[in-house]
Amino acid sequence: MFSSQLTNLQIYKLPNSILAPIAGHTDLPMRLSARRHGCRYAFTEMVDAGSLVFGNYKTNCLLIARDPSEEFLGIQLVGSEPEILKKAARIVNEHNFDVLDFNLGCPAPKVAKKGEGATFVVQRPDEAVAAFSVLAENSKIPVTAKMRILSEADPEPTVRFALRLQEAGARALTIHGRIMKNFYSGPVFFKMIRAVREALSIPVIANGGALTQPLYQQLLDETGCDCGMVARGACGNPWIFREIGAGRIDPPTLEEFAEEMRTHFYAMLDFYGPENGVRISRKTLLEYLRGRGFPGELRASVSFLNSAEEFEELLKAVRCGPSPRYWQMLEQNPGMERRLKR
Ligand SMILES: Cc1cc2nc3c(=O)[nH]c(=O)nc-3n(C[C@H](O)[C@H](O)[C@H](O)COP(=O)(O)O)c2cc1C
């Protein structure tokens with residue numbers, strides 16, 4: 001048995017921001033893109049513990065790949081079966097990760113169906129804590145958890161559960177300030193996160209709604225946390241990390257934007273192979289183009305992208321810039337989420 005509770009080092013140098021685990025997004029190419037713009041702490045996509053133990057070797061290799069340049073990388077597991085979690089923790093021990101996070105917040109139907117993620121906490125809280133303990137007892141690296149608030153009005157259930165995870169050896173907790181049934185929309189309940197932060201002695205990381213640098217700052221200010229986790233605000237927008245670092249809005253120029261898209265695209269081709277890489281990149285390219293005033297036809301053409309040659313054509317169109325209306329909207333609306341610098 002290993003004790004991940006013995007060392008009392010802070011996992012994250014504070015204050016800092018963390019790139020959240022995002023299924024289908026935070027693969028190695030996306031993390032490298034974020035890191036080019038100042039992201040220091042990041043997570044893999046969620047990895048199913050059963051798939052890690054019994055699943056396809058090649059798929060697992062892609063999911064748990066770490067680039068030598070990555071200074072800090074956490075792995076996130078989802079699961080519920082104690083025996084499987086034990087085996088999964090031991091596999092993680094053989095790899096190079098800095099922290100093991102347990103997913104207790106995912107509301108997605110395929111996870112809920114198995115009674116895992118957020119459903120685990122809501123339906124079987126005692127077993128969820130026991131499952132966390134299995135990871136903590138078998139992991140050589142610090143174990144953390146990511147969960148949602150359990151009520152929008154009463155902090156007590158969230159605080160109570162968070163305290164149980166702390167007692168079970170959690171070295172940090174990320175709290176997403178939305179309840180399970182709200183998935184990713186609606187307001188973030190800062191007060192609920194603040195109550196957890198005030199009740200726990202381990203670091204509490206605030207999550208939810210940090211789609212821009214000012215919104216990230218608001219998340220920290222309102223919750224009192226030193227550290228926040230950024231998810232959708234980083235998809236197609238790695239510059240959010242330099243903005244958070246600088247404490248001000250500092251969007252990319254059109255040229256920087258196009259160059260980053262290009263570097264990210266070719267990193268995906270290298271990582272997944274040319275054919276799969278192009279297919280998987282479509283979603284990523286759409287994230288870059290979303291909300292930045294590029295013509296609808298240009299964005300639609302991404303769905304049909306089939307080769308690097310076609311990508312180069314797309315990039316030429318991107319370099320022509322967004323519509324004049326977008327520049328006007330930027331001037332009129334300083335809070336706009338996806339920005340380019342003139
Ligand atoms: C497409 C998608 C996939 C996600 N995958 C994961 C995941 O694998 N693990 C996890 O803990 N949270 C996952 N999340 C939740 C995010 O990490 C984050 O908690 C949530 O999006 C709220 O943060 P935001 O408002 O900054 O996006 C996912 C969210 C989205 C939209």
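**Note on the fold and helix packing of a predicted model**

1. The domain assignment of the protein gives domain 1 as residues 16-246 and domain 2 as residues 254-325; such bounds come from an automatic or database domain assignment. The C-alpha centres of domain 1 and domain 2 lie 29 Å apart. Across the boundary, 17 residues of domain 1 are in contact with 13 residues of domain 2, contact meaning heavy atoms within 4.5 Å.

2. On the basis of the values: this is a predicted model, in which local features need pLDDT of at least 70 and side-chain atom pairs count only at pLDDT 80 or more, while totals for chains, interfaces and linings use all residues. Residues are numbered from 1 along each chain as its sequence is written, and side-chain values use heavy atoms, with hydrogens and water left out.

3. Eight strands form a closed barrel in the order S1-S2-S3-S4-S5-S6-S7-S8, with parallel pairing. Helices (H or I, at least four residues) and strands (E, at least two) are DSSP runs, numbered from the N terminus; two strands pair if DSSP finds at least two bridges between them. On average, neighbouring strands of this sheet are turned by 25 degrees against each other, direction ignored. Axes here are lines fitted to C-alpha atoms, for helices over the stretch in contact, and angles run from 0 to 180 degrees between N-to-C directions.

4. Strand S7 (residues 204-207) and strand S8 (residues 227-230) pair in the parallel sense over three bridges. Asn 207 has Met 229 of S8 as its bridge partner.

5. Two helices may be read against the sheet. Helix H7 (residues 125-138) packs on it, touching strand S3 (72-78), strand S4 (99-104) and strand S5 (143-148), and the direction of H7 makes about 165 degrees with that of S4. Helix H8 (residues 156-167) lies across S4, S5 and strand S6 (173-176), running at about 165 degrees to S5.

6. H7 and H8 also pack on each other, at an angle of about 30 degrees and with their axes 9 Å apart. The two are therefore roughly parallel (angles under 35 degrees count as roughly parallel, over 145 as roughly antiparallel, 65 to 115 as roughly perpendicular and the rest as oblique). The contact is made by Pro 125, Asp 126, Ala 128, Val 129 and Phe 132 of H7 and by Phe 161, Arg 164 and Leu 165 of H8. These residues divide into six nonpolar, no polar and two charged; Ala, Val, Leu, Ile, Met, Phe, Trp, Tyr, Cys and Pro count as nonpolar, Asp, Glu, Lys and Arg as charged, and the others, Gly among them, as polar.

7. Helix H9 (residues 190-199) and helix H10 (residues 213-223) pack at about 55 degrees, with their axes 8 Å apart. That angle makes H9 oblique to H10. Phe 190, Ile 193, Arg 194 and Arg 197 of H9 meet Gln 218, Leu 219, Asp 221, Glu 222 and Thr 223 of H10. The contact of H9 with H10 has three nonpolar, two polar and four charged residues.

8. Helix H12 (residues 254-272) and helix H13 (residues 274-289) pack at an angle of about 150 degrees, with their axes 8 Å apart. H12 is therefore roughly antiparallel to H13. Among the residues of this contact are Phe 257, Met 261 and Phe 265 of H12 and Val 278, Ile 280 and Leu 285 of H13. The residues of the contact of H12 with H13 divide into 12 nonpolar, five polar and one charged.
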